[in-house]
Amino acid sequence: MSPPAPRRPGHEVVQGRAPRPGFVLEVDRSTPSTLFHHGEGFRLERLPVGSRIVYPSEAVPVLRHPEEAIRQALLQPVGQDPLPAQLFPGMKLTIAFDDVSLPLPKMRRPDIRQRVIEAVLDLAAEAGVDDVHLIAALALHRRMTEAELRHAVGDRVYDAFAPHGLLYNHDAEDPDNLTLVGHTELGEEVEINKRAAESDLLVYVNINLVSMDGGHKSTATGLSSYRSLRHHHNVKTMQHSRSFMDQHRSELHSSNWRMGKVLRDAGLKVFQIETTLNNDTFPKPFDFLQKREWEWSARDRMAFVAATSGLDRMSNRMKRNLFQSIEAPHDMTGVVAGEIEAVHAITTAKVFEQQLVPVSGQADVVTMGLPYISPYNVHSIMNPILVACLGLGYFFNMYRGKPLVREGGVVILSHPTPWEFHPVHHPSYIDFFEQVLADTTDPVEIEKRYEASFAEDEWYRHLYRTSYAYHGVHPFYMWYWCAHALQHVGAVIIVGGDPRAVRRLGFRPASTLPDALEMAEDTVGRDPSITHTHAPPLYMADVS
Amino acid sequence: MKALRFERSLPRFAAARVAGALAPGRGARPGPLRLADIDPPFVDAPGWVRVRPRLAGICGSDLATVDATSSRWFEPVVSFPFVPGHEVVGDLDDGTRVVLQPVLGCAARGIDPPCDRCAGGQVGQCLNITFGHLEPGLQTGYCTDTGGGWSIALTAHHSQLHRVPDDLDDEAAVLVEPTACAIRGAGKVPAGAGVVAVIGAGTLGLATIAALRHLPGELPTTVVAAAKHPEQRSFARSLGADLVVEPDELARAVRRTTGSMAVGDGSIDRLAGGADVTIDCVGSEATLAQALAVTAPGGRIVLVGMPGQVDVDLTPLWQRELELVGAYAYGTERHDGPGAGRPTFELAFDLVRAAGLGRLLSATYPLDRYADAIAHAAEAGRRGAVKIAFDLRNERERNR
């Protein structure tokens with residue numbers, strides 16, 4: 001495990017019982033049933049005796065005075081002059097911030113971004129800076145709505161900037177507002193938001209939910225265009241990232257770091273602010289979801305029964321509205337500002353402090369209960385492509401060292417996987433699912449034969465720019481995110497999913513977990529070793 | 001002789017309509033169709049010969065007749081009682097195998113000189129289908145004088161007969177007539193068409209796809225097919241459709257293929273552009289509305305499937321200046337589309353052979369099991385089948 005980040009001025013934490021670290025439980029006869037997330041619902045499953053369950057660590061302490069910690073971070077950055085020293089009248093200041101895909105679930109107000117942005121704006125005002133733009137760095141994600149922007153930056157900031165056109169969503173398809181900054185030594189084009197590129201200072205406000213977030217990826221991805229993104233959002237990169245959550249073994253990061261160097265060499269000054277969260281993910285009455293089952297109180301058990309029986313009576317739409325309204329109680333555990341790489345090293349250690357769980361050895365079969373949310377269905381529908389991406393893209397890649405499942409092993413996902421799409425948010429996903437996956441599920445073939453036509457489709461472009469649609473190419477990226485897992489595993493089984501949708505993904509449907517485990521034996525043989533990944537709350541397996 | 005005969009009986013029509021509404025094809029038992037012992041048909045005029053059917057197909061118009069859902073348009077152009085069956089391969093008395101071209105034009109009706117349509121080779125557009133020495137009947141299979149294919153014997157005029165080449169087996173030959181209908185539709189695709197959408201993948205739809213990929217002449221660049229059932233989708237792909245989708249995916253598929261914009265915020269209300277030509281091989285309200293929604297302004301919709309009475313908003317036809325054209329029967333393909341200048345039946349023989357359309361015949365039944373046969377035909381797609389036919393080859397009476 002990485003050493004904890006050094007304590008910094010203003011970073012006193014709330015004291016209390018020391019959080020218990022994550023650990024691996026071996027299932028025996030006395031082990032109670034195990035909670036599996038299952039979309040907008042849950043299942044209790046009995047895992048075979050001898051199976052392992054990886055539990056995340058408990059929530060680490062949060063900062064006692066977050067506003068003060070932020071101010072201290074701005075005044076005492078790492079590797080750069082204090083922020084006030086970099087601000088001057090007449091300068092162009094741009095503040096970019098992470099979009100609606102972070103954090104998950106959305107956090108209670110005030111959002112971290114609001115706290116940080118208000119602190120930066122206070123300093124800018126003190127320095128007499130009056131040319132300030134705020135940009136939601138959404139790359140090829142959908143635009144944020146007014147309500148989402150207000151939630152992220154707060155009403156005060158929104159009302160001060162948005163009506164004047166100074167707070168807006170990045171547009172990766174606006175040729176007039178993109179700048180080709182240069183090329184990496186490998187010929188990768190580095191094209192970013194023109195306002196950001198032409199600013200005297202770019203302040204980037206991150207929420208580092210997982211170790212993939214932040215670093216040079218913030219600007220090189222968040223403020224870039226398809227022309228630039230395609231150099232690292234592709235099958236080859238994903239298959240050569242082991243995993244993309246481990247910066248030092250991630251081709252995704254290598255490419256972004258090369259691009260970051262181009263930006264730096266071109267004179268772009270970035271003041272990077274990275275923040276970390278604890279994993280206090282679910283508010284009452286869903287807080288039982290982050291407890292270990294044998295520690296459930298009578299109230300937790302009642303909450304579980306009430307939740308499941310209530311959910312059983314609800315329509316999918318009602319369930320979705322209920323879950324999407326969840327605001328997580330998670331709060332800041334750290335904030336660091338300054339030079340990108342120095343900041344990111346500290347932040348990554350902080351993320352690992354919360355998330356890293358040592359696991360000894362791989363398993364033949366890994367089971368995952370997938371929740372209702374992924375980075376790309378906030379206020380939206382978790383369509384089958386996003387189910388695949390959450391399981392095989394994100395959860396599979398939450399490892400350092402080796403994947404939790406052995407090569408040729410089986411991943412069993414639990415999710416309803418409805419054949420359902422949000423037409424406004426995911427129009428190109430529908431076509432990808434209906435036409436591309438009906439033809440082939442091979443990421444290499446898909447990239448070769450279909451990507452360009454989706455990426456350059458004028459209707460998708462129109463919807464991305466004027467409505468709230470993900471970019472036409474986005475479903476491809478979701479599929480590429482699965483590429484490492486698809487290359488590594490022998491089979492994927494989805495429990496409780498719509499069989500038609502599951503088959504369209506190229507996976508095998510199973511009605512129950514025992515059925516799925518029996519089916520898995522076709523691939524890995526009898527009496528396989530089984531590991532269940534008990535998330536969320538999120539953790540990262542440090543597999544030796 | 002044994003025959004399935006359709007009689008004029010209002011109570012039975014009503015019963016067929018009710019049964020057919022419950023489940024397609026179920027009008028066979030309570031309806032006006034009866035297995036009967038009747039006199040062989042005979043037309044006392046020069047050029048008429050006996051044909052003993054070997055295989056006789058069941059088509060969509062037959063099913064509409066059996067379930068009493070056909071348009072009343074046909075009432076004056078049929079004569080009761082009649083023996084259905086117009087997709088026929090059979091034997092002449094001298095043993096020659098023939099395929100029947102069922103339209104009863106001027107030559108068959110003894111009208112000389114023929115109308116200008118028949119004279120021009122467009123027998124399907126004959127102006128005299130209720131006149132001459134035959135009772136009314138637009139085709140064999142709807143005329144009381146001629147009999148039809150669902151029997152031991154029918155009578156046909158030599159102008160209706162096409163010798164079957166030895167290398168074509170009965171199973172392929174029985175597909176020639178519906179293939180000719182499909183070619184008629186494909187023939188209305190103008191040269192230079194880019195994207196053609198084909199709605200429906202029963203026999204007509206699949207044969208249309210084959211026509212758009214095999215006929216001589218300038219073929220469209222891309223064929224997008226909407227097929228409801230997995231087996232149909234598989235056939236559509238193997239016959240050359242470039243993109244095959246489920247029916248409710250058609251608008252998105254056409255939009256993607258044509259690079260068109262669409263009206264609707266992610267869902268597609270309608271396409272701004274669309275297919276150059278849409279061929280509707282179903283002919284329902286829903287498919288016609290779909291065709292109107294996916295055809296580009298100035299484009300053409302070809303109705304190959306028999307539509308009946310439908311309630312469709314024709315505003316897009318007007319606003320987008322679409323052409324709506326029918327494609328019925330056969331003649332000489334004289335448009336600038338595929339197969340121009342050649343008789344439809346001649347093209348159909350070639351196409352059946354080139355595309356291997358004999359594989360579309362999924363099952364055959366003896367006449368005695370007509371209700372099962374019709375039920376199978378009515379649910380062919382759902383049951384993984386395409387063409388269902390009666391097999392008369394083993395009927396004892398026929399071989400006496």
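Me: Two strands count as paired if DSSP finds at least two bridges between them. In this predicted model, how many bridges join strand β10 of chain A to strand β11 of chain A?

Reply: In chain A, β10 covers residues 201-208 and β11 covers residues 270-277. One position in this pairing places Val205(A) opposite Ile273(A) in β11(A). The two strands run parallel, and the bridges that join them number seven.

Me: Which strands of chain A stand at the edges of the open sheet that contains this pair?

Reply: The open sheet has six strands with mixed pairing, in the order β7-β6-β5-β10-β11-β12 of chain A. A strand at the edge has a single partner, so one of its sides is left without a neighbour in the sheet. That applies to residues 167-169 and 332-338 of chain A, which are β7 and β12.

Me: Which residue just after helix α3 of chain A takes a positive phi?

Reply: Helix α3(A) spans residues 146-153, and its buried residues are Leu149(A), His151(A), Ala152(A) and Val153(A). These buried residues pack against β5, α2, β6, α4 and β7 of chain A. Just after the helix, a positive phi of about 90 degrees is found at Gly154(A).

Me: Is strand β3 of chain B largely enclosed or largely open, and how many of its residues are buried?

Reply: A residue is buried if 20 or more other C-beta atoms lie within 10 Å of its own. Strand β3(B) runs over residues 48-58 and has 11 residues. It is largely enclosed by the rest of the structure, because the number of its residues that are buried is nine.

Me: Which residue stands opposite Ile58(B)?

Reply: β3(B) pairs in the antiparallel sense with β6(B), residues 154-157, over four bridges, and there Arg50(B) stands opposite Thr155(B). It also pairs in the antiparallel sense with β4(B), residues 88-92, over five bridges, where Ala56(B) stands opposite Val88(B). A further antiparallel pairing, over four bridges, is with β17(B), residues 387-391. In β17(B), the residue opposite Ile58(B) is Ile388(B).

Me: Which helix gives the largest share of the side of domain 1 of chain B that touches domain 2 of chain B?

Reply: Domain 1 of chain B comprises 2-176 + 357-391, and domain 2 comprises 188-326; their centres are separated by 28 Å. The contact takes 14 residues from domain 1 and 14 residues from domain 2. On the domain 1 side, these divide into five nonpolar, seven polar and two charged. The largest share, three residues, comes from residues 60-66 of chain B, helix α2.

Note on methods. Residues numbered from 1 in each chain as written. Chains lettered and ligands numbered in written order. Predicted model: local features only at pLDDT ≥ 70, side-chain atom pairs only at ≥ 80, totals over all residues. Domains from an automatic or database assignment. Contact = placed C-beta atoms within 7 Å. Nonpolar A, V, L, I, M, F, W, Y, C, P; charged D, E, K, R; others polar. Buried ≥ 20, exposed ≤ 12 C-beta atoms within 10 Å, placed from the backbone.
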